[in-house]
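Subject: Structure handover

Hello,

Here is the structure I promised you. Please open it next to this email and follow along.

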Amino acid sequence: MKDTGAAGQWSSGLTEEQERYLAVKKEELGIELNEAQQRAVVHGDGPLLLLASPGSGKTTTIIMRIGYLIEALGVNPSRMKAVTFSRAAARDMKERFDRFFPQLPTAGFSTIHSLAFEIIREQFRKEGTEFLIIEGEISEEEDGGGSGEVGMDGMPLHKKLLLRSLFKRIAGENPSDDSMDELTTFISYVKNKMIPPDRWSSVRTSVPQAAKVLQEYEDYKRSGHRKMLIDYDDMLTYANDILERDEGLLRKYQRRYDYVLTDESQDTSLVQHAIIAKLVREHRNLCVVADDDQSIYSWRGAEPSYLLEFKSVYPDAVTLYMEQNYRSSQEIVAAANAFIKRNRNRYNKNMFTANGERGDILFRELPDYRFQAKFLAQHVQEVEKLSEVAILYRNNASSIALMNEFDRMGIPFYMKDADVRFFSHWVVEDVLNFMRMSYTDKRAELLERIHLKMSGYISKHQMEVLKEIDNGESVFDNLLKFVMLKDYQVKLLEEARETFQGMRGMPPQHAIRVIRSRLGYEKALDKMCERLGFKREYLIGILNTLEDIADGLGTMEQFAARLKQLEAALKGSRSKRGQNAVTFSTFHSAKGLEFDRVYMIDLIDGVIPSSEDGKGGGPHKKDGGTGEQPLMEEAVRLFYVGMTRAREHLEMVTYRERDGETVKESAFVTAVRGLVKPERERGGSGGGSSDHSARRTEATGERGRGGAAGRAAPSARSGAAADRRGNSSARVEDGVRGKGGVGRKDAGLRHGASDAGRPGDSSSGVIVQEHGGTSAGAASPTAIRMASQLVAGGMVRHRVFGTGVVERWDGERIWLRYPSGSKVLSLATCLSMGLLEPE
């Protein structure tokens, strides 16, 4: 079978042997593959580009292809290499292969790093070169430099500690955690892009003298110890260099693997592509599985342009489009497919689904950012299967407010990106030090930690003089009496003394506001942002989060204790993976996951897309122009990834104010709403956004999500693509995941409160502005419409909660008993919406 056109589609069908094999596998495993999946499975020799849309059964197809090569074509499993993006993905793929083909020897599943390490280990052993890996977990003691192996000059032999020491020596100050993150990202980017040393300084970064730090880091790894020091990025660059210069070793690995498959190739960097290209140079039996629409890691060196240029590198390559989505509802698939078409630099794919309708995408507009976490917690608390709920955001900073509110309400959560550094951030420590100063102003060492960040303009020299005074008196009195001051400082220090005294016993939320304003901390942060390049929005966000945490607490001691409690809760959340807990995750880390209910939050202009996204150039376009796509296109892809995590319920949350300033909803939200309700966006009968009236929801009331007016028919939007390909009926019956596809009964309404949700009682202050209605599905003709049809003790089936027992009802409410407990619902809503059926 050969590729016959630009589209890369095959001109002939499967052979009888191939059809027979697939029929046997369908009988054995219960897996029915669609046309594109079948062609991918039975593809023999030669390069293959498999473009797999979200939820298209990619892993199943990969596993079936490997099994076909072994069983049908007689390929030795040991001569196959499947390279995945992460250890978790490699482990999952191996486990699934063993379940599908328990009688077969396992093929080689690994990460690109483990393959690279195998290459360099063999070469170093041959050369007699000793090496030491300087990455991995690090203890708090080591983080402080108190233990661990050291180099010849006493430098700690760990990448993190070594870079921190070099940075301090070169920049003259200790790096912040944020600077360390950006520095390591800079290093990974440079190496994965294979940028030569003479161009390191041209790569944009906010870390001062990053190129010099990197150069000294590289020099030290070669001379600071008797062994060669290597980090994870070195594994890739060294392996590529070794294969480039050692023809014998290259031929050995080329002969070792007859077939190479790379998964998640849109996330693969330039150096990783170079390694794979060398391995398949002779036989060209390369299968690349990717989705250019989900390439979201260019900031760490991913090279999505590789996919777009695949045909030019491998002109004889077959390109297959796996476009059928088995995960999500019609509404979600149609909107996501239309939204991603905003990007120009992509393959022209048309994702579609045969799944049914589950109700429109919901758009929530809150009056203020501060209501968001409370709204989400109240909205989610009635959901029974919390493990099928995910709250997604762009920045990790969003997670702290969520965690605070969910912890207060006793809702279990799993933090996908658990990062406890918030609680040790220097802004948090500054605020605590200001509070400590309100209890005692006699400690000069305490004032030293904050004197440059408050009104008073105390210089370092004045601080040194003050520290020499040891009389047990107020530091402010000593400054005023014994230290030479500028005239303008006197009044400022007198006011600061009075302010600290007035803070004693003050509720912590009020105290934080005093620190920010009267003590001048926020102005000091503004100056630091100007001078050092810190992101003001991020730092102010930390202060706002601290105010939220302090809300309702009576003393500063309680506030400090609450921070400790939340830090422990965050660490403990890691153990809730796989349990009945809500998942908090960034968009980036959510890739590869799926949930029944997904809430995308903080969807405002400046967050997604960010101000950086709007600048148009590649993330590091300065490195010579390697064909990177504009940042805005990557932001679109990131939003698309978030949308396509949802199976049945997708909700987008925005707000009108944040930090006292008016904000605009994300242009992406506006675009998606325009796609699902175009007549409203055009100012039709729906009246545009002006008809989105705010409605306060009742504390115990169930409410339908409105009608389907204005909703474009999903079958018309997404079914067209299926009809063009003639495979709209093809679907994966995935026995491993147990998905029932179209036949899945009430899949979108299994887990919890009504789709409109319950923001809580009117005292919460949360006013929800709902953009557009959505239908929870047509009522059954047997639905109970009158209270006289109810029978105490009788069984009824609620369209959301399932089968329960009628305990009692009155004129307003009905009580239903379930194994998990009783539910009190609005009787009028249940009857008018036809939510109850006799069981």
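Strand 20 and strand 21 form a hairpin, with three residues between them. Strand 21 covers residues 813–818, and its pairing with strand 20 is antiparallel, over four bridges. Strand 19 is residues 795–798 and strand 20 is residues 802–809; they run antiparallel and are joined by four bridges. There, His-798 has Gly-802 of strand 20 as its bridge partner. While you look at these strands, keep one rule in mind: in a regular strand, side chains alternate between the two faces of the sheet.

Please remember that this is a predicted model.

Now the whole chain. It has 32 helices and 23 strands. Of its 839 residues, 55% are buried. The chain exposes about 34900 Å², and carbon and sulfur atoms supply 49% of that area.

Rolling a probe the size of a water molecule over the atoms shows where empty space is left. The second largest pocket holds about 360 Å³ of space. It is lined by 21 residues, and the closest to its centre are Glu-218, Arg-222, Thr-237, Tyr-238 and Asp-241. What kinds of residue make up the lining of this pocket? The lining has 11 nonpolar, three polar and seven charged residues. Four helices each supply at least two lining residues: helix 5 (112–127), helix 8 (177–192), helix 9 (210–223) and helix 10 (232–245). Which helix gives the most to the lining? That is helix 10, with seven residues.

Then look at helix 12, residues 270–279. This helix is mostly covered, with eight of its 10 residues buried. Among the buried ones are Val-271, Ala-274, Ile-275 and Leu-279. Gln-272, His-273 and Lys-278 are buried too.

Two residues have a backbone angle worth checking. Start with Gln-209, in the loop between helix 8 and helix 9. Its phi is positive, about 55°, although Gln-209 is not a glycine. Glu-264 is not a glycine either, yet has a positive phi of about 50°. Glu-264 sits in the loop between strand 6 (259–262) and helix 12.

Are these two buried or partly exposed? Gln-209 counts as partly exposed because its relative accessibility is 41%. Glu-264 has 18% relative accessibility, so it counts as buried. The cut-off for buried is under 20%.

Asn-76 lies between helix 3 (58–71) and strand 2 (80–84). At 40% relative accessibility, Asn-76 counts as partly exposed. How far apart in space are Asn-76 and Thr-106? They are 10.0 Å apart, C-alpha to C-alpha, and 30 residues apart in sequence.

Last, find Pro-609. It is in the loop between strand 13 (595–600) and helix 28 (631–643). The peptide bond from Ile-608 to Pro-609 is cis, with omega near 0°.

Best wishes

Note on methods: Residues numbered from 1 in each chain as written. Predicted model: local features only at pLDDT ≥ 70, side-chain atom pairs only at ≥ 80, totals over all residues. Heavy atoms only, no water. 1 Å grid on protein atoms, 1.4 Å probe; cavity = no way out; pocket = protein on both sides within 12 Å on 5 of 7 lines; lining within 4 Å. Points joined across faces, edges and corners; volume = space filled by probe spheres on them. Nonpolar A, V, L, I, M, F, W, Y, C, P; charged D, E, K, R; others polar. Buried < 20%, exposed > 50% of the residue type's maximum accessible area, 1.4 Å probe, protein only. Areas by Shrake-Rupley, 256 points an atom, 1.4 Å probe, with all protein chains shown as cover. Pairing = 2+ DSSP bridges.
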